[in-house]
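Please keep the sequence and the structure in view while reading.

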Amino acid sequence: MQEKINNVKLTLFVGFFFLIILPSYSSGVKDSVPLDPSIRRGKLPNGIAYYLKKIPNSSEEIEMRLVVKVGHNQEEPGQHQFAHLVEHLGFSSGQNISVNKSSELFDEMGIQMTHINGHTWNNYTDFMMKVPGSKKGAVNVALRFFEDIMWHLELTPSNIDKERTAVINEKNGGDFSFPVLLKRLEREVIGISSSPPENIVDHLQTFKPESLVQFYEEWYHPSSMAIIIVGNIDVEDIETIIREKFNRNTPPKNKFLKERSTSNYLQRDPIFLKREYSGSLDDPERKRAAIGLFIRQYTEESKNSDRILEDGVIRNLLVKMVNNRFRQKQEVYNSTFNGNAYFIDPPVALKLDVFLDDKLDEEIIQDAFKTLKEIELYGFYQKEFILNKEELMNSFSVKDTLETSYWMDGIIDYYVNNEVFPSNKNKILQDILKDLKLEEFNNKIKQYLSGTPNDIALAAHSGHPILSYSEEDIRNLFLEINSFSVQPFIPPHVPSSLIDSVSQSNLSKGYYKEGETPIPGAKKYILENGIKIILKPLFSKPPVATNIVSFQGFVQKGISCFPKKDFFSVVNIPAIVKNSGVGGLDKFELNRYLVDEGFQGSISPYIEYDESGIKGSVSLKDFETALQLVYLYFTDPYFTSVAFKDWKSTMKASFVHKDINREDLLSAIRETLPDNEFLPVGTQALAGIEQTDLSRAIEIYHQIFTNPVEYSFLIAGNFPEDEVLDLCRKYLGNLPISKKDTLSRKEDWFLQDISIEPFSKIVPSTKPMELAMVRLIYAHPKDKNSFTWKEEIKAEILRRAMMELLMRRLRFESDIGGTYQVVAGMNYVQLYEYNKYFIDFSCEPENVERLVSECREVVEALIKNPMDKDLFQKLAQGMVKYLNEPERLVDVLNNMYDLEKNGKVWINRSVKQDFINSLTPRDIWQSAREYLREDPYEYKMLSNSSLE
């Protein structure tokens, strides 16, 4: 299902160094690690633990997990990815319940395929199933699934062979990622990882099946397993079922709970590792390097639960503040400084990662470590302490205790890592922070920062100059740092305001008049300068985020108003201005002001083909600051050549982390099947950086944003209407009106001829790649006036059916296998008035034609006959359930936008639910016959070696 390479969690509380083996007992027995008493816990004689938590007001869905204390840490040489493979086999090879053979049962129980998943971590594997509480028997299905994983997996060579392919596909052909290499080196330093084979793909294709079976038999013992169930459950009934179903005798395995203890790491000699990297998925022209510096933590851990929580909070706050200090030192354009710190838990080391570009600058490495020494010697200052402490306190929201994830994550950390999980944990953590004083904090963090790096792990691209450095060379860089060379940190200047007091006093509240809007519960106003605002307060039916205000101001002018030669100068304007600043403040000064004010939210200008504007989502207390920013984006953008140069270099660097091949495939599709919502990506976007002219971009920006008379602003959230209206009159109402002619579409150069005639196209890859990428597109002309909200609902149910059936056919129920994941998507292209469904998957080149054929067969089956009634009900009720949930603020704003710009009708959720409940499989069958009747476009990206 999904592998998690990065198992370093910056958690707030840490358990003991050594695993505490719990005695056999049934529910009601306590142990030395505090656990919230509202959680029913027990342990069967064979070692299986269980944790049950009832949340009366939770969603109807019940979340169920089987957690096994086996992960990558248990893999020995020759067993690379075995834990991950067993996770896959747990889902596909159950004798009674599996994703391969139980699809009809899942449909009957209303269990969605997307709610069956798993993760492989370093120290445990997690099998997850969400089931509807309204379906009698659904919990039993999940428990039978867990029972199969424990005792009834059919680990046959054919089943193992299918999962070999799935894991290779999931990993995109191998472990080429630079961050993955860094994490592997970290695990090697700590001593919990065996080195991977040189050719990972070859290893996955050729290991002997019996070696994987042996791994499973040695490690998957009931004593390393826990069943965790959270939701609106009957605890007594489920506990009885678990004790009856899972209480069977099982002989212990000879390697039961073998641990690669991180405590052994502290007794090892200092370690120095150096690895050369030549991964084929990265840009060969951009050589990078990273140095991991490990400061070992020899302080003995407390066994007092209150102290454990307090120490964890202090470590978490320390990491947060260290990284903020790093960020402050990077707040200069064209900076080369780049560092990141975190604890490796249990806290055996504080790790500092320093990243380098293609040049070797010893001062960068030294400056990063100097930052730690600077904090050790002089501590933090009061203002940054208060700001960071308040941010961390706010993250412990009491409302989280109503979320399933709060309980599930806490129980897993308790079971796997022995992390304390007392009742009212969030309140305890908030109180610890509230009482924490700066002097106490500065004194306590010294124990974590003292000393020079004990261990060093270095990774670099082939040819990077740092590869020539020896261990002595690197260690000498830190020996040069001492108390005489480290100076106290001087906090950067923080602006006192966005708009000075004189300018503020000149912003008077102009007159306004009321208008009419069909949006229920909303009011429309026209300000003195012509700006239209629509306010929709939501006090009567608050969304999930009750203190958030979202807004969007837009005008129907954009890229189409300018000639083709200006294309990239227009497209890149929003990113350029965001990288520059407003009101005479560069982006760093602006950010410091917002951080100092405790500003919560985001605001961004945007430019599209036929529209431009500004979007934002902020806390209610920050709404006036948000409007000040809007005012400055319109009236006083702060463009500079230095910021522009920084934007260019930063953008180019970002492409190292992008999937250029996939983005180039999307660009190739757009050349033959245009989409007005699609902006350049991949190599087109990379080339467009140099085609962007700053002077022209500034000129165009002013043309778009300095005449607000045609703008409409939509504002939704929980807010006092009169106060928000007054703020809009003050800031939006004072946006100056330009006397220049308004913009209009001058050329249709961006329009393309479109013919819905299917064909097949092979696109060569831009960069080396192992797997082929495929997209099939079913395109159907559809008048925008006939693509109503009812059509959208039916089209969405059809998409969900495609997704479910494609995953079954290509992934779960295939006797041959060939792909890890297949995705079905749908969107309506308004400008060209056609609806399109697309199917995406990756696979080995030799499987492309077979899987394309299977995709087409799935679609043809949907056209031929109505889908199974149970499947239809599951998909339809999934949509009904979504509409039963509190309406998200983003959905409210999107509905307002669709009505105001596109003239769509406002439809209440209850009306949509009634319509969904009235549908039948035959209705969706008719949609399939309309939208999927033509042959698809076939786009295939293959590597050059495959094409040869």
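## Basis of the description

Helices (H or I, at least four residues) and strands (E, at least two) are DSSP runs, numbered from the N terminus. The model is predicted, so local features need pLDDT of at least 70 and side-chain atom pairs count only at pLDDT 80 or more, whereas totals for chains, interfaces and linings use all residues. Residues are numbered from 1 along each chain as its sequence is written, and side-chain values use heavy atoms, with hydrogens and water left out.

## Backbone features in loops

Gln-81 sits in the loop between strand S4 (61–68) and H1, and its phi is near 75°, a positive value in a residue other than glycine. With a relative accessible area of 0%, Gln-81 is buried (buried means under 20% relative accessible area, exposed over 50% and partly exposed in between, with a 1.4 Å probe and protein chains only). Glu-833, in the loop between strand S24 (822–829) and strand S25 (834–843), also has a positive phi, near 55°, but Glu-833 is partly exposed, with a relative accessible area of 28%.

The peptide bond from Asp-345 to Pro-346 is cis, with omega near -5°, and Pro-346 belongs to the loop between strand S10 (339–344) and strand S11 (349–356). Gly-510 is placed in the loop between helix H17 (501–505) and strand S13 (512–515) and counts as buried at 14% relative accessibility. Neighbours within four places in sequence aside, Gly-510 is in contact (heavy atoms within 4.5 Å) with Glu-528 and Arg-729.

## Nonpolar cores

A nonpolar core is a set of buried Ala, Val, Leu, Ile, Met, Phe, Trp, Tyr and Cys residues joined through side-chain atoms within 4.5 Å. The largest one has 104 residues, and those with the most contacts inside it are Tyr-220, Ile-227, Ile-229, Phe-246, Ile-839 and Phe-841. Helix H27 (residues 789–812) gives the most to this core, with eleven residues. Apart from this core lies another, of 74 residues, which includes Leu-317, Phe-369, Leu-433 and Phe-478.

Once neighbours within four places in sequence are set aside, the contacts of Ile-839 include Val-774, Leu-776, Met-802, Leu-806 and Val-859.

## Helix packing

Two packed helices are described by the angle between their axes and the distance between the axes. Axes are lines fitted to C-alpha atoms, for helices over the stretch in contact, and angles run from 0 to 180 degrees between N-to-C directions. Helix H9 (residues 305–329) and helix H10 (residues 362–378) pack at about 125°, with their axes 11 Å apart, and are therefore oblique to each other (angles under 35 degrees count as roughly parallel, over 145 as roughly antiparallel, 65 to 115 as roughly perpendicular and the rest as oblique). Val-322, Arg-325, Phe-326 and Lys-329 of H9 make this contact with Ala-368, Thr-371, Leu-372, Glu-374 and Ile-375 of H10.

Helix H19 (residues 573–580) and helix H25 (residues 694–705) pack at an angle of about 95°, with their axes 10 Å apart, which makes H19 roughly perpendicular to H25. Here Ile-573, Ile-576 and Val-577 of H19 meet Leu-694, Ala-697, Ile-700 and Tyr-701 of H25.
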